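Hi,

Here is the structure I promised to pass on.

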Amino acid sequence: MDKIIIEGGHPLHGEVRVSGAKNAALPLITATLLTPGWHTLRNVPDLRDTRTMLALLETFGVAWERDGSTLRINSENLNNCEASYELVKTMRASVLVLGPLVARMGEARVSLPGGCAIGARPIDFHLQALKNLGVEIELTHGYVGAKIDGRLQGATVYFDIPSVTATENILMAASLAEGVTVIKNAAREPEVGNLVDMLVKMGVTIEGKGSDRLTIHGQSSLQPVEIDVIPDRIEAGTYLMAVAAAGGDVTVTHCIPAHLPALLEKLRTAGLEIKEGKDTIRVTRKGPLRSVDIKTMPYPGFATDLQAQIMALMTFSKGLSVIAETIFENRFMHVAELRRMGADIRIDGHCAIVTGTGKLTGAPVMATDLRASASLVVAGLAAEGTTEISRVYHLDRGYENLEGKLIKLGAVIRREQE
Ligand code: UD1
């Protein structure tokens with residue numbers, strides 16, 4: 001297992017390029033299951049999660065080839081519809097194969113993902129919605145069995161919470177359904193919009209992109225497409241917070257500033273200078289940090305995937321910051337690790353109260369999940385002394401060449417085998 005060692009206290013300067021979004025690439029990869037033929041996906045990040053998804057698709061008989069960030073995928077020889085526990089347990093997003101598989105093949109068997117470090121994370125919305133579309137669902141031996149004779153039937157679906165992957169699963173399933181499907185209280189995340197664009201290119205008519213009501217006119221056949229994965233707003237946000245914490249002046253390139261409305265507003269309130277270009281964001285830290293309160297919300301609210309990083313940032317402010325996590329019930333695993341670095345953080349229910357002391361000191365810490373690990377990197381870059389982060393395989397799930405990009409900005413960071 002690798003660990004990352006950071007010598008803190010070096011301000012960051014220069015330009016950093018954002019990769020394609022993990023959370024957009026994963027549903028786009030699974031959407032290729034809907035129809036045979038070579039699809040071309042560009043700007044696909046090379047991450048542990050994208051590799052896991054391709055390994056899963058390989059078990060279905062899917063062929064793929066990668067050339068740099070361009071991925072070509074063909075599912076014409078689909079010969080297996082079972083997603084095994086071995087792969088699903090390593091990546092919850094594997095559940096995204098359920099919708100497209102059952103829509104195209106009339107059956108699918110997908111291991112139930114189980115809980116994870118940030119909460120119970122059930123998939124009941126996905127299953128209920130598929131039932132509405134006429135799919136028979138059976139839960140046995142830890143697997144979801146999904147079956148239908150003939151085509152799925154368009155229906156109305158309502159989500160209690162605007163779930164991102166449930167919206168994506170049903171968008172894909174409804175694309176091959178007979179008739180019209182309406183998703184009410186759909187997730188509005190930009191990654192959902194990227195999938196809508198892909199499905200529209202494949203020949204589906206979809207109304208309501210970017211809104212909480214999506215209307216999908218299913219088709220009996222679809223065509224393979226070429227599409228770009230949108231930039232990773234969470235990666236972009238992580239670099240912005242690294243600069244905010246460590247100090248300096250950095251331009252984040254190849255990003256979409258409009259995808260980070262809540263974060264940019266909060267960083268401005270915290271005293272950072274933020275300049276938005278067409279596809280760039282320049283962040284400059286000129287003085288001390290002010291504390292801000294945060295409440296995570298579905299898009300366009302403050303992303304839960306940036307909560308851990310802004311908590312690390314707030315420990316460097318001088319003041320009180322209340323951070324409310326409303327999406328996942330157990331997403332404060334980073335708190336204990338930040339405390340090891342000297343942070344003063346109390347948890348009260350779904351709120352964390354950060355008393356910023358203006359500094360942290362480097363310590364050995366452990367990564368517990370993807371974004372918790374990113375928060376430890378933000379903390380380590382700005383802390384006094386050396387921080388050693390173990391279990392960095394979590395980081396490798398979602399950040400492409402993190403150390404390389406940070407070294408280019410002047411960070412002193414290296415990876416070692418434990
Ligand atoms: C996606 C993202 C993840 C992000 C999360 C919230 C991907 C691959 N992952 O995860 O990075 O943190 O959105 O922005 O895109 N829920 C249910 N039943 C369900 C489905 C969800 O109760 O069937 C609940 C969840 O427990 C959670 C909330 O709905 O409390 C939102 O979760 P959801 O949007 O589904 O998260 P994911 O799609 O798993």
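A term to start with: a residue is called buried under 20% relative accessible area, exposed over 50%, and partly exposed in between (1.4 Å probe, protein chains only). Please keep in mind that this is a predicted model, so local features need pLDDT of at least 70 and side-chain atom pairs count only at pLDDT 80 or more, while totals for chains, interfaces and linings use all residues. Residues are numbered from 1 along each chain as its sequence is written, and side-chain values use heavy atoms, with hydrogens and water left out.

Two backbone spots first. His141 has a positive phi, near 50 degrees, although it is not a glycine. You'll find His141 in the loop between strand 8 (136-140) and strand 9 (143-147); helices (H or I, at least four residues) and strands (E, at least two) are DSSP runs, numbered from the N terminus. His141 counts as exposed because its relative accessibility is 74%. Asn185 also has a positive phi, near 55 degrees, and sits in the loop between strand 11 (180-184) and helix 7 (190-202). With 22% relative accessibility, Asn185 counts as partly exposed. For context, most residues other than glycine have a negative phi, and most peptide bonds are trans.

Now the domains. The protein splits into domain 1 (2-19 + 231-417) and domain 2 (22-228), with bounds that come from an automatic or database domain assignment. Their C-alpha centres are 30 Å apart. Domain 1 gives 25 residues to the contact and domain 2 gives 19, where contact means heavy atoms within 4.5 Å.

Together the two domains bury about 1800 Å², 52% of it on carbon and sulfur atoms. Buried area here is the accessible area (1.4 Å probe) that two parts lose on being put together, summed over both. Of the area that domain 1 buries against domain 2, Tyr299, Arg397 and Glu400 supply 31%, more than any other three residues.

Tyr299 has another feature: a cis peptide bond joins it to Pro300, with omega about 10 degrees. Pro300 lies in the loop between strand 18 (294-295) and helix 10 (307-314).

As for Arg397, its side chain meets that of Asp49 in a salt bridge (2.9 Å, N to O). The count between the domains is 2 salt bridges, each a side-chain nitrogen of Lys or Arg within 4 Å of a carboxyl oxygen of Asp or Glu.

Cheers
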